[in-house]
Amino acid sequence: MNARRARVGYLFVAPFLIVFVAMLVVPLAYAGYLSLFREQLIGGTTFVGLDNYVRALTDERLLGGVLRVAEFFLIQVPIMLLLGLFFALALDSGVLWLSRFIRLGVFVPYAVPSVIAALMWGYLYGPEFGPIAQLAGALGLPAPNLLGDDLMLGSLANIVTWEFTGYNMIILYAALRAVPSELYEAAAVDGAGTWRTAWSVKIPALRPALLLALIFSIIGSFQLFNEPQLMQRLAPNVIDSAYTPNLYAYSLAFTSQDVNYAAAVSFLLGLAIVVVSYTVQLAVNRRRTP
Amino acid sequence: MTSGRIRRRSPVLTLAMLAFLVYFLLPLFWLVVASTKTTGDLFGSFGLWFADDFSLPENLRRLFTEQDAVYGRWLLNTAIYALVSAGGAALLAALGGYGFAKFPFRGNKALFGMVLGAIMVPSTALAIPTYLIFAQVGLVNTPWAIILPSLVNPFGLYLMRVYAQEAVPDSLLEAARIDGAGEFRIFRQVVLRLLAPGFVTVLLFTLVATWNNYFLPLIMLNNPSLYPVTVGLANWAASASAGGGAAGDVLPLVVTGSLLSIIPLVAAFLMLQRYWQNGLAAGSVKQ
């Protein structure tokens, strides 16, 4: 009986696992394999061991891109998660008028493809014809160069914040709705007010959801590609082919035709994301159990 | 509900939230306004209000006729890629999540742990090696190049496992087994219904991921008639910014095409909100 049940269990998980291996494990292994070779004009493809990784770790263009997305992560993710948290708490407090309308309105940008978000904001940022420049001009102010070297990272951060704050809000709001009401009653009995309840009951209950949102944000930041790739056309002198690690891997593979090195860069980037995500999880979980 | 809790509405907080809402909706308002303008008005008139000419019908007509009506093709491609990927991913996740949740076979924990670890593997790190593999087996420049990689959703599997644990009582399964129902009939007729909110959640979020996909089709496809709408519009936008004259008058097409392409997803989210909000609650509470 139990052996039969086990066999049925394998049948249920088999379709997922087959596709999982074919589309995730195999490409990952293949990237690892490719990254150990180098293609040369003379002599063809040769095994070079970890040479591509040595090259990557000393490649200033790659390291510059990694530092840039790290900076992006440190600026953008706290703003986005704090906004999402604030919105979720405000919605959950039950003191808003129009709360359903507000909830859906903040969430709607998530359903907009990042390509279209980048196209829209690119136009809004436009230094000559964009509405922001028009408004500044009407007020007699100099138009900020939102596509310039100084502000570009912030302009990109704004696009990503616009796209994903609503998503994070919904995740956190869903988690808040699931907090057992006995917790609130206990807090009320203890005389806790709205803010006190939010701080002492709601935010601790949100920890798993916040961690999840944080992990997804780490992954999203470090593989930043769509928004800078589209902005590149508007500001080619600001966004070069190594602006983010992913843009760099893309241009290595498809412009320079250096697939072996591109595989090494992809592999390293994936590894870095996994390591950072695990470290964050460990840090958060350790603090939870004092 | 406790009796003594009367919630007084807060005008201050409501106004603050409405101010934020303006930020989130203003770009979309701009898009609606811009889709009614000619190229001249896109540059010449104030961006956040309508111009004298209302050229939305003309823009729509051009959108669906110019360049051999390729835009309609892109929309259709996007819909096919997204629906097949999302349906497949949700089904695989439902089968697998139920299997992991309810069948204690040998290796269950280890295999599930492996899938969990893969949530953190960034999809774009896989795109280049997947491209190289697909190039060797002749899958590049086919719809499968977009659909196959989108079928794997490790987070979806995790969500469905949590959901199956919560929503499918063991006693119900035992009763069905005693009645002599086969395992796959039980899944089809009993389990799938109980998993519906989770299923819809995975379906919708894979739908969004595939609908919005850009990197994968960008590298996998170079035949414009296979493009999804994201890659097509990005190409048009590039030719619009590269120089007006030679490219033709494509800017209104980019704007109107953008507006049109976001309507189906927004509608899907609004219509199915009851499902995905429940489904998300399950996934975000358990850890």
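This passage walks through a few local features of a predicted model.

Strand S1 (residues 37–40) and strand S2 (residues 44–47) of chain A pair up in the antiparallel sense, with four bridges between them. Across this pairing, A:Glu39 sits opposite A:Thr45 in S2(A). Three residues lie between the two strands, and in this hairpin A:Gly43 takes a positive phi near 100°.

In general, most residues other than glycine have a negative phi. Even so, A:Gln257, which is not a glycine, has a positive phi of about 60°. This residue is found in the loop between helix H12 (245–254) and helix H13 (259–288) of chain A. Is A:Gln257 buried or exposed? A:Gln257 counts as exposed because its relative accessibility is 57%, and the cut-off for exposed is over 50%.

Chain B has a case of its own: B:Ala69, again not a glycine, shows a positive phi of about 55°. B:Ala69 belongs to helix H4 of chain B, and its relative accessibility of 29% makes it partly exposed.

B:Ala69 is also one of the residues touched by B:Phe64. Leaving aside residues up to four places away in sequence, B:Phe64 touches B:Tyr71, B:Gly72, B:Leu75 and B:Leu260 as well. B:Phe64 itself sits in the loop between helix H3 (56–63) and helix H4 (66–102) of chain B. With 37% relative accessibility, B:Phe64 counts as partly exposed. As for B:Leu253, it is 189 residues away from B:Phe64 along the chain, yet their C-alpha atoms are separated by 9.3 Å.

Technical notes. Residues are numbered from 1 along each chain as its sequence is written. Chains are lettered from A and ligands numbered from 1 in the order in which they are written. This is a predicted model: local features need pLDDT of at least 70, side-chain atom pairs count only at pLDDT 80 or more; totals for chains, interfaces and linings use all residues. Side-chain values use heavy atoms; hydrogens and water are left out. Buried means under 20% relative accessible area, exposed over 50%, partly exposed in between (1.4 Å probe, protein chains only). Contact means heavy atoms within 4.5 Å. Two strands pair if DSSP finds at least two bridges between them.
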